[in-house]
Amino acid sequence: MKKRHKISLIPGDGIGPEIMEATLRVLEATGLEIQWEEVWVGEEAKKRSGHPFPNDSLKVLKKNRVALKGPLIVHKGSEPVMMRHGRERLYHPSINSALRRELGCFANVRPIKSFPGLPTRYPPIDIVIVREVTEDLYSGLERQVGDGVAEAIKVTTRKACERITNFAFQYARDNGRKKVTLGHKANVLSLTDGLFLESAGMIAKEYPEIRFDDLMIDALCFQMVKDPTAFDILLLSNQYGDILSDLCAGLVGSLGLAPGGNVGKEYSFFEASHGAAPDIAGKGIANPLALILSASLMLNHLGETDLSQKIENGVAQLLQERKVLTPDLEGSSTTDQVTSELIRILSH
Ligand code: NAD
């Protein structure tokens with residue numbers, strides 16, 4: 001009997017609902033049976049319930065264990081998200097951090113691959129960013145300490161460093177990857193980044209078949225634009241991973257091609273690397289492929305490996321043909337047209 005999946009759905013803000021609709025069309029066309037349960041978080045949840053992350057939404061996300069998520073708007077200078085757990089209060093710097101941390105999704109995995117046929121300024125790359133997303137400078141510990149003075153605390157724990165390093169090496173082992181490179185700034189941040197470097201070096205010894213090296217984050221950026229083919233898996237703390245994700249997306253040609261997943265022990269959710277793109281929202285020209293590729297990662301996670309590969313191959317063919325592309329890829333087609341073309345390719 002065919003398995004039916006129950007998955008939470010967060011449509012998102014800005015271009016979120018447009019690219020989500022496209023993604024759902026593609027998933028439906030594969031014939032996979034999915035029962036979606038819509039969950040409100042962020043702006044929409046605030047409008048409906050007064051809180052950006054109501055406990056009821058968290059409960060549904062936990063019940064279904066897996067979610068597909070559109071991008072959420074986080075306004076500059078917005079308040080942290082406060083969650084109550086009994087007497088305890090937890091502050092998260094943004095709704096995206098709140099989702100990751102409340103669901104224990106400690107690893108943000110972002111595979112970034114060049115697609116043949118698509119012209120880019122750089123040689124073909126195939127890099128996976130493994131980003132720690134529970135601590136670092138995005139711990140929600142930021143405050144005003146006086147007039148004209150503010151501080152943010154960068155939190156690094158051995159436990160989180162070891163956990164994410166193990167995850168990166170296990171990912172390398174499971175996916176035939178050969179090297180893990182840690183990006184850090186341990187020469188300046190000797191206690192925090194120094195701890196990450198030390199912990200990662202210890203864990204790396206447990207995976208002798210996979211090479212481990214490290215680079216200062218500034219040198220890493222330099223190397224990324226000089227010869228990005230030198231990298232395989234990038235192991236990064238929260239903020240460096242955030243920045244390098246967009247850099248890598250630029251190397252392959254568009255933010256619209258950078259998918260991702262947030263993974264923890266019990267729960268996971270999948271989302272594109274890019275944001276809500278308010279500058280093009282409502283125009284029908286957003287590239288849906290990053291979210292579609294994120295859905296493909298989700299299918300892989302659910303054990304639907306053939307379908308996952310089929311979607312990835314379909315996207316590769318669409319990009320190779322270069323007939324129906326959105327403007328970010330120098331095409332002139334709409335989100336709808338790209339979606340229909342992908343569905344046509346998948347049905348052959
Ligand atoms: P962004 O990624 O939304 O947009 C950056 C640029 O890339 C814009 O020019 C945009 O038009 C373009 N772009 C992004 N996705 C695209 C797509 N699928 N197709 C075509 N073009 C695309 O980054 P931003 O402008 O810095 O952020 C906008 C909002 O999104 C902010 O509120 C930010 O906080 C939020 N954001 C959310 C997430 C998330 O939910 N995970 C991630 C990043 C940013």
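How many residues surround the ligand, and which are the closest? The shell has 20 residues, and the closest are L72, G275, A277, D279 and N287; a residue counts as near if one of its heavy atoms lies within 4 Å of the molecule.

This is a predicted model, in which local features need pLDDT of at least 70 and side-chain atom pairs count only at pLDDT 80 or more, while totals for chains, interfaces and linings use all residues. Residues are numbered from 1 along each chain as its sequence is written, and side-chain values use heavy atoms, with hydrogens and water left out.

View 1. A polar backbone atom of L72 is 2.8 Å from an oxygen atom of the ligand. For A277, a polar backbone atom is likewise 2.8 Å from a ligand oxygen, and a backbone N or O atom of V74 lies 2.9 Å from an oxygen atom of the ligand. The protein buries 70% of the 810 Å² that the ligand exposes when taken alone (Shrake-Rupley method, 1.4 Å probe).

View 2. E132 is part of strand β7, residues 126-132 (strands are DSSP runs of E, at least two residues; helices are runs of H or I, at least four). With 3% relative accessibility, E132 is buried (buried is under 20% relative accessible area, exposed over 50%, partly exposed in between; 1.4 Å probe, protein chains only).

**View 3. The salt bridge of E33 and R4.** The side chains of E33 and R4 meet at 3.1 Å, N to O (a salt bridge is a side-chain nitrogen of Lys or Arg within 4 Å of a carboxyl oxygen of Asp or Glu). E33 is in the loop between α1 (16-29) and β2 (34-38) and R4 in the segment before β1 (5-10), so the pair ties together parts 29 residues apart in sequence.

**View 4. The salt bridge of K113 and E312.** The closest N and O atoms of K113 and E312 are 2.6 Å apart. The pair links distant parts of the chain, with K113 in strand β6 (residues 105-113) and E312 in helix α10 (residues 305-321), 199 residues apart. K113 is partly exposed at 33% relative accessibility, and E312 is partly exposed at 22%.

Note on methods
Polar contact = N/O pair within 3.5 Å; in protein donor to acceptor, adjacent residues only side chain to side chain.
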